Amino acid sequence: MSLPTVSRVAGTTVVGLGEALFDCFPGRSVLGGAPVNVAVHANALLSPSGGRALPATRVGADELGDRFFAEMRRRGAPTDAVQRDRSLPTGRVAVEIDAGGDARYVFDQHSAWDAIVFDEPLARRAADCSAVAFGTLGQRADASREAIRRFLSGAPQAFRLLDVNLRQQYYSPETLDSSLRLASAAKLSEDEVNEVCELLDLTRPSRDVEAEAELLGTTYRLDWVAVTRGARGASLFCDGDWQTGQQHAARPQPGADTVGAGDSCCAALLCGFLAGMPSDQTLSLANEVGAHVASVSGATPPLPDAILTRFAQAAAEGESDPQPHTA
């Protein structure tokens with residue numbers, strides 16, 4: 001499988017590339033944006049072993065932009081790839097939580113993350129990163145779409161994980177196709193598998209999720225495809241076979257929501273494979289991390305020390321010797 005060896009974990013740099021925003025609940029706003037969430041959780045997992053993760057994005061020169069930098073400092077994530085926009089505001093998304101704790105999102109338009117520029121700091125990060133997580137939402141505007149694609153093209157050595165996030169009207173067949181062609185692997189929800197295959201004319205008569213996810217993987221020559229299934233955890237199509245891993249039930253605390261659970265799962269999958277962990281162990285880690293985030297409030301809560309310790313131990317024992325994936 002096309003992944004860096006465990007001997008490189010100490011120097012691993014993961015980039016979360018795309019939208020930065022704040023999830024706005026009634027009476028409060030918390031750090032959000034799928035690539036940012038991935039970077040925060042990946043940094044928590046990797047930093048005890050000498051790795052790191054960071055966001056590559058753009059925020060406004062406003063109060064929320066100041067809060068973003070403060071949050072990154074508090075979490076020990078570098079900010080040299082975070083740009084500030086003097087005219088556009090920091091992104092916001094209104095989050096509505098239903099009775100089951102599931103979220104509905106309405107994104108502000110014309111936000112700073114729509115205007116990411118592929119500048120020298122981003123070019124340096126593209127050239128030296130070990131992996132990058134990116135999505136479809138961050139490409140809704142021409143400027144950021146161009147910057148993201150230039151970043152990916154400038155990172156042939158990096159493992160590139162596409163976190164498909166179909167939100168509102170902010171995606172198209174062209175964006176999905178080009179993103180999958182640039183990706184090494186992909187993560188989608190069950191519903192997204194069917195919708196993506198329909199948009200790309202890759203449907204199976206049965207509309208079976210696993211069959212269509214396999215077709216995505218083989219069509220785009222992906223190293224693996226992860227499918228999130230809500231409370232049932234994630235499954236993984238890898239090396240021609242499906243794995244479910246150990247499931248971990250969420251134990252919701254008061255005020256819990258599912259915001260960011262899929263992003264944390266994405267971060268754990270990426271870190272586990274970068275560390276050379278076996279795919280079943282990596283999937284179990286992802287299910288445990290996702291269940292924890294779904295049990296509490298907000299997208300980037302601290303991960304329990306027990307999870308961080310187990311990951312560090314597993315990373316130290318990992319064994320793999322592949323070559324990095326190139327598109």
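The legends below describe close-up views of a predicted model. Local features are taken where pLDDT is at least 70 and side-chain atom pairs where pLDDT is 80 or more, whereas totals for chains, interfaces and linings use all residues. Residues are numbered from 1 along each chain as its sequence is written, and side-chain values use heavy atoms, with hydrogens and water left out.

**View 1. Packing of helix α8 against helix α9.**
Helix α8 (residues 261-274) packs on helix α9 (residues 279-294) at an angle of about 155 degrees, and their axes are 8 Å apart; helices (H or I, at least four residues) and strands (E, at least two) are DSSP runs numbered from the N terminus, and axes are lines fitted to C-alpha atoms, for helices over the stretch in contact, with angles running from 0 to 180 degrees between N-to-C directions. That makes α8 roughly antiparallel to α9, on a scale where angles under 35 degrees count as roughly parallel, over 145 as roughly antiparallel, 65 to 115 as roughly perpendicular and the rest as oblique. On the α8 side the contact (heavy atoms within 4.5 Å) includes Ala261, Cys265, Leu269 and Phe273, and on the α9 side the residues include Ser279, Leu283, Ala286 and Val293. By class, the contact of α8 with α9 has 11 nonpolar, 5 polar and no charged residues, where Ala, Val, Leu, Ile, Met, Phe, Trp, Tyr, Cys and Pro count as nonpolar, Asp, Glu, Lys and Arg as charged, and the others, Gly among them, as polar.

Ser279 belongs to helix α9 and, with a relative accessibility of 15%, counts as buried; buried means under 20% relative accessible area, exposed over 50%, and partly exposed in between, with a 1.4 Å probe and protein chains only. Leaving aside neighbours within four places in sequence, Ser279 is in contact with Leu236, Cys238, Gln243 and Phe273. Pro278 lies in the loop between α8 and α9 and is partly exposed, its relative accessible area being 43%. Although Pro278 and Ala314 are 36 residues apart in sequence, their C-alpha atoms are 9.5 Å apart in space.

**View 2. Packing of α9 against helix α10.**
The angle between α9 and helix α10 (residues 305-317) is about 165 degrees, with their axes 11 Å apart, and the two helices are therefore roughly antiparallel to each other. Here α9 passes α10 in a left-handed crossing. Gln281, Leu285, Glu288 and Val289 of α9 meet Ile307, Arg310, Phe311 and Ala314 of α10, and the residues of this contact divide into 5 nonpolar, 1 polar and 2 charged.

**View 3. Packing of helix α1 against α8.**
Helix α1 (residues 34-46) and α8 pack at an angle of about 45 degrees, with their axes 8 Å apart, which makes α1 oblique to α8. The crossing in which α1 passes α8 is right-handed. Among the residues that make the contact are Asn37, His41 and Leu45 of α1, together with Asp263, Ala267 and Cys271 of α8; by class, the contact of α1 with α8 divides into 9 nonpolar, 3 polar and 1 charged.

**View 4. Nonpolar cores around Val196 and beyond.**
In the largest nonpolar core, which has 42 residues, Phe151, Leu180, Val196 and Leu216 touch the most other members; such a core is a set of buried Ala, Val, Leu, Ile, Met, Phe, Trp, Tyr and Cys residues joined through side-chain atoms within 4.5 Å. Not counting residues up to four places away in sequence, Val196 touches Val164, Leu166, Leu176, Leu180, Leu188 and Leu216. A second, separate core of 41 residues includes Leu161, Trp224, Leu283 and Val289.

**View 5. Ile148 in helix α4.**
Ile148 is found in helix α4 (residues 142-153) and, at 0% relative accessibility, counts as buried. Ile148 and Gly18 are 130 residues apart in sequence but 7.2 Å apart in space, C-alpha to C-alpha. Apart from residues up to four places away in sequence, Ile148 touches Leu17, Gly18, Phe134, Gly138 and Gln139.

Most residues other than glycine have a negative phi. His110, in the loop between β7 (103-107) and α3 (120-128), has a positive phi of about 55 degrees although it is not a glycine, and is exposed, with a relative accessible area of 59%. Arg207, in the loop between α6 (190-199) and α7 (209-219), has a positive phi near 55 degrees and is partly exposed, with a relative accessible area of 31%.

How values were computed. A crossing is left-handed if the near helix is turned anticlockwise from the far one by less than a right angle, and right-handed if clockwise.
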